[in-house]
Amino acid sequence: MNNEWHVVKKDERYVVLDNSSLSKLVPSITKLNPNKSTSGHKHAGQEEVYNFVKGSGMMKIDEDIFPVSKGDVILIEDGQFHQVINNSKENLYFVCVFDGKRSH
């Protein structure tokens with residue numbers, strides 16, 4: 001079992017760690033800082049699952065914006081725009097699993 005996590009993105013907004021030990025799925029962990037958001041993106045041919053593990057914030061999928069918090073699991077369909085917004089004063093942690101290779 002490979003538990004090696006690698007920082008793939010780090011700036012004033014967040015720290016993102018990926019694990020590349022699986023051949024078809026990429027698990028990723030993000031710590032999103034207070035009052036920050038991810039860039040938001042969409043990609044053809046890739047689905048994602050977001051699992052919020054600590055904190056609270058908002059999620060945007062296409063034109064819908066809704067609250068998320070610990071325990072929420074959100075499914076992102078192929079080609080949907082998605083963005084996570086931390087509008088709180090605490091860090092927001094979530095795990096994302098996507099198929100294929102990182103394209104964002």
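Some ground rules. Because the model is predicted, local features need pLDDT of at least 70 and side-chain atom pairs count only at pLDDT 80 or more, while totals for chains, interfaces and linings use all residues. Residues are numbered from 1 along each chain as its sequence is written, and side-chain values use heavy atoms, with hydrogens and water left out.

I will start with the sheet. Strands here are DSSP runs of E, at least two residues, numbered from the N terminus. Two strands pair if DSSP finds at least two bridges between them. In general, strands of a sheet pair through backbone hydrogen bonds, either parallel or antiparallel.

Here we have an open sheet of four strands, in the order β4-β9-β6-β7, with antiparallel pairing. The edges are β4, residues 36-37, and β7, residues 64-69; each has a single partner strand, so one side of each has no neighbour in the sheet.

Now look at β9, residues 82-86. On one side, β9 runs antiparallel to β4, and two bridges join them. K36 stands opposite N86, and S37 has I85 as its bridge partner.

How many of the five residues of β9 are buried? Four of them are, so the strand is mostly covered. Buried means under 20% relative accessible area, exposed means over 50%, and partly exposed is in between, using a 1.4 Å probe and protein chains only.

Next, the salt bridge. The term means a side-chain nitrogen of Lys or Arg within 4 Å of a carboxyl oxygen of Asp or Glu. The structure holds one. Which side chains form it? They are those of R13 and D11, at 2.8 Å from N to O. R13 is buried, with a relative accessible area of 18%, whereas D11 is partly exposed at 29%.

K31 lies in strand β3, residues 25-32, and is partly exposed, with a relative accessible area of 27%. Contact means heavy atoms within 4.5 Å. Leaving aside neighbours within four places in sequence, K31 is in contact with R13, Y14 and V15, and also with N91, L92 and Y93. As for I74, that residue is 43 residues from K31 along the chain, and their C-alpha atoms are separated by 17 Å.

That is the end of the talk.
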